[in-house]
Amino acid sequence: MSGGCEGHGVPFDDWDDRDGRGGWDDRGDPGDGDDRDGDGTGEETDDASGTGVLEAELRQAAAILDPVPAELRRIAVEAYALHDLDARLAELAFDSLQDASPVRGADDTPRMLTFRAGEVTVDVEVTEQGLIGQVLPPRPARIEVLGGPHAVAALTADDRGRFTGDTPPAGPFALRLRTGGEVIVTEWLRV
Amino acid sequence: MDRADVGALVQSAVDGDAAAWKALVEGLSPLVWSVVRAHRLSEADAHEVYQTVWFRFAQHLGRIREPDKAGAWLASTARNECLKVLRTLRRLTPTADPAVLDRVSEDRTPEESLLDSEEAAAHGERVRRLWQEFEKLGDRCRRLLRVLMASPPPSYQEVSAALGIAVGSIGPTRQRCLRRLRARLDTREVL
């Protein structure tokens with residue numbers, strides 16, 4: 001059945017469809033391809049060995065052995081409440097986890113985040129003790145810490161825009177700021 | 001999920017139709033879950049990433065530039081969050097190798113016990129064996145097949161967004177991986 005013994009070391013991106021046996025699936029991650037905007041409707045005919053049937057069987061097995069947990073489905077349905085067209089979205093502009101190189105030997109480096117909505121930025125530092133942040137340009141604000149559709153804590157930013165919270169956010173979190181008649185919500189993140 | 005349908009549902013959800021949002025969750029949460037599972041996070045991390053992705057989707061609902069590609073948006077958001085989790089783990093436990101990370105997610109879901117019921121035993125045995133052989137595949141095959149197993153089947157564009165691989169490489173790799181899995185199953189049957 002599997003004939004192509006000659007195909008040792010077939011590259012991952014090779015269009016050749018032989019059954020490469022060179023351990024190609026044990027390599028590192030493929031580079032991020034440039035052609036990700038391909039049309040993507042990659043329907044194809046399955047060969048005589050019935051790979052399409054096998055894939056369907058796998059799909060069935062996943063539905064039985066590893067389905068989306070019901071409670072997660074419910075949470076996703078409820079997340080519709082987070083859809084708020086009136087609030088300005090403060091997008092993540094800096095995340096130390098992604099944009100900074102790790103500090104050697106410092107495992108407890110705080111997570112530094114910067115969110116930006118137009119001219120307003122919100123800096124947040126998440127530590128084991130809680131969170132510290134500042135709204136810039138400096139301005140007072142009422143701040144809700146969200147852990148889902150419902151607020152989990154309320155904070156206040158002083159005249160200099162500074163705020164502190166004594167509970168570190170766990171899991172998904174966002175901040176909803178009310179300042180000078182407008183509402184700004186930071187992009188959801190997991191910390 | 002059909003792209004035209006997804007685009008229309010996103011538009012309806014933006015306009016306030018909660019049923020449309022629910023349909024999006026039903027249609028696309030298996031894809032999000034598959035992406036998370038493909039990255040083999042711990043149970044707790046998997047749940048948090050899944051939630052973060054849906055919270056952020058709700059937040060971005062009216063701002064998504066190509067609503068018919070919402071599936072790809074969800075898949076790539078899920079991938080990014082998974083990579084952040086893996087980066088944190090690597091930072092906190094410098095010695096962690098992939099094998100250690102793999103072990104974290106080895107607890108199977110309680111649904112597996114469903115298969116123990118007598119009427120499902122015969123079919124269950126086959127499904128279990130298929131799953132076992134699937135789990136023994138190399139990383140790349142396991143990851144790709146886990147994403148392809150989403151129900152309804154994802155488009156190649158969604159798969160590309162989920163794994164950061166070129167659309168053109170998906171078809172050939174899929175064929176190889178499924179043939180490889182088929183070969184493993186055949187070998188076991190002969191023994």
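The model is predicted: local features need pLDDT of at least 70, side-chain atom pairs count only at pLDDT 80 or more, and totals for chains, interfaces and linings use all residues. Residues are numbered from 1 along each chain as its sequence is written, and side-chain values use heavy atoms, leaving out hydrogens and water.

**Overall makeup**
- Chain A has three helices and 10 strands (DSSP runs numbered from the N terminus: H or I of at least four residues for helices, E of at least two for strands).
- Reading from the N terminus, the order is α-α-β-α-β-β-β-β-β-β-β-β-β.

**Packing and surface**
- Of the 191 residues in chain A, 40% are buried, meaning under 20% relative accessible area with a 1.4 Å probe, protein chains only.
- Chain A's accessible surface is about 10200 Å², and 50% of that belongs to carbon and sulfur atoms (Shrake-Rupley method, 1.4 Å probe).

**Strand β3 and its neighbours**
- In chain A, five of the seven residues of β3 (residues 120-126) are buried, so this strand is largely enclosed by the rest of the structure.
- β3(A) pairs antiparallel with β2 (residues 111-117) of chain A over seven bridges; strands count as paired if DSSP finds at least two bridges between them.
- One of those bridges links A:R116 with A:T121 in β3(A).
- The β2(A)-β3(A) hairpin has two residues between its strands, and A:G118 in the turn has a positive phi of about 60°.
- β3(A) also pairs antiparallel with β4 (residues 131-136) of chain A, over six bridges, and A:E125 has A:I132 in β4(A) as its bridge partner.
- Four residues sit between β3(A) and β4(A) in their hairpin, where A:G130 in the turn has a positive phi of about 150°.

Technical notes:
Chains are lettered from A and ligands numbered from 1 in the order in which they are written. Buried means under 20% relative accessible area, exposed over 50%, partly exposed in between (1.4 Å probe, protein chains only).
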